Amino acid sequence: TESKQWYSLKSLQLPEPIFSCGMTISSGYVYIGGGGNAAKEASKSYWRLPWSAIQQSVQSRDDTSLPVTWEKIADSPFIGSSLFKLLNSKLPVLSGGEDDKMGSEIFVYDPTQKRWTAVGNISTECFRPCVVPINSNSVFVCGGGIGNKSCTNKTELLVMCL
């Protein structure tokens, strides 16, 4: 018989209530951001947490002794939640998502410089597409909203030279 148990990680709670956010694990951190907040406003906020904090919580099922908190990183220059794995030590995101506004810009966050930089565009404007990393410099982008409660079946392979 298989048993399952959920554990509340009280000391690792998010810095604020959020929904429809993006999340990825890369380079020893969990990154989370975008989406909306408790006031149902779109968010530009992003944070990171050491992956080791979650690993320790999983092993002990007791996170009360962990001295870690979510670290706020620079707000993104746009509203969006298509956050994906670090490519060449940078965190790429796609614009689009505020009140279902479409976007095509790609920004990357550089943890060493602590800033966002525009690096290009995808060919089809949309909001909230699905983004999956393929390797260290490529991602597969599929679907996305295109307004008026409609969506697209478009797919793109995005190769980034960062």
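**Close-up 1. Charged side chains over aromatic rings.** In this predicted model, the charged end of R48 lies over the ring of Y29, at 3.9 Å from its centre. The charged end of K72 likewise sits over the ring of W47, 5.5 Å from its centre. A charge sits over a ring if NZ of Lys or CZ of Arg is within 6 Å of the ring centre and within 35 degrees of the ring normal. The model is a prediction, in which local features need pLDDT of at least 70 and side-chain atom pairs count only at pLDDT 80 or more, while totals for chains, interfaces and linings use all residues. Residues are numbered from 1 along each chain as its sequence is written, and side-chain values use heavy atoms, with hydrogens and water left out.

**Close-up 2. Aromatic pairs.** The structure has three aromatic pairs. Y29 and Y31 form a tilted pair, 6.1 Å centre to centre with 55° between the planes. Y31 is buried at 2% relative accessibility, whereas Y29 is partly exposed at 24%. Y109 and W116 form another tilted pair, with 5.2 Å between centres and 50° between planes. Relative accessible area is 3% for Y109, which is buried, and 13% for W116, also buried. Y46, Y109 and W116 make up one aromatic cluster. Rings of Phe, Tyr and Trp (its six-membered ring) pair if their centres lie within 6.5 Å; planes under 30 degrees apart are stacked, over 60 edge-to-face, and the rest tilted. Buried means under 20% relative accessible area, exposed over 50%, and partly exposed in between (1.4 Å probe, protein chains only).

**Close-up 3. The largest nonpolar core.** This core has 10 residues: L94, I106, V108, I122, C126, V131, V139, V141, L158 and M160. At least two of its residues come from each of β9 (103-110), β10 (115-126) and β12 (138-142). A nonpolar core is a set of buried Ala, Val, Leu, Ile, Met, Phe, Trp, Tyr and Cys residues joined through side-chain atoms within 4.5 Å.

**Close-up 4. A three-stranded open sheet.** The strand order is β11-β12-β15, with antiparallel pairing. β11 (130-135) and β15 (155-159) are the edge strands, each with a single partner, so one side of each has no neighbour in the sheet. Neighbouring strands are turned by 25° against each other on average, direction ignored. Five bridges join β11 and β12, and V131 stands opposite V141 in β12. Strands are DSSP runs (E, at least two residues), numbered from the N terminus, and two strands pair if DSSP finds at least two bridges between them.

How values were computed: Helices (H or I, at least four residues) and strands (E, at least two) are DSSP runs, numbered from the N terminus. Axes are lines fitted to C-alpha atoms, for helices over the stretch in contact, and angles run from 0 to 180 degrees between N-to-C directions.
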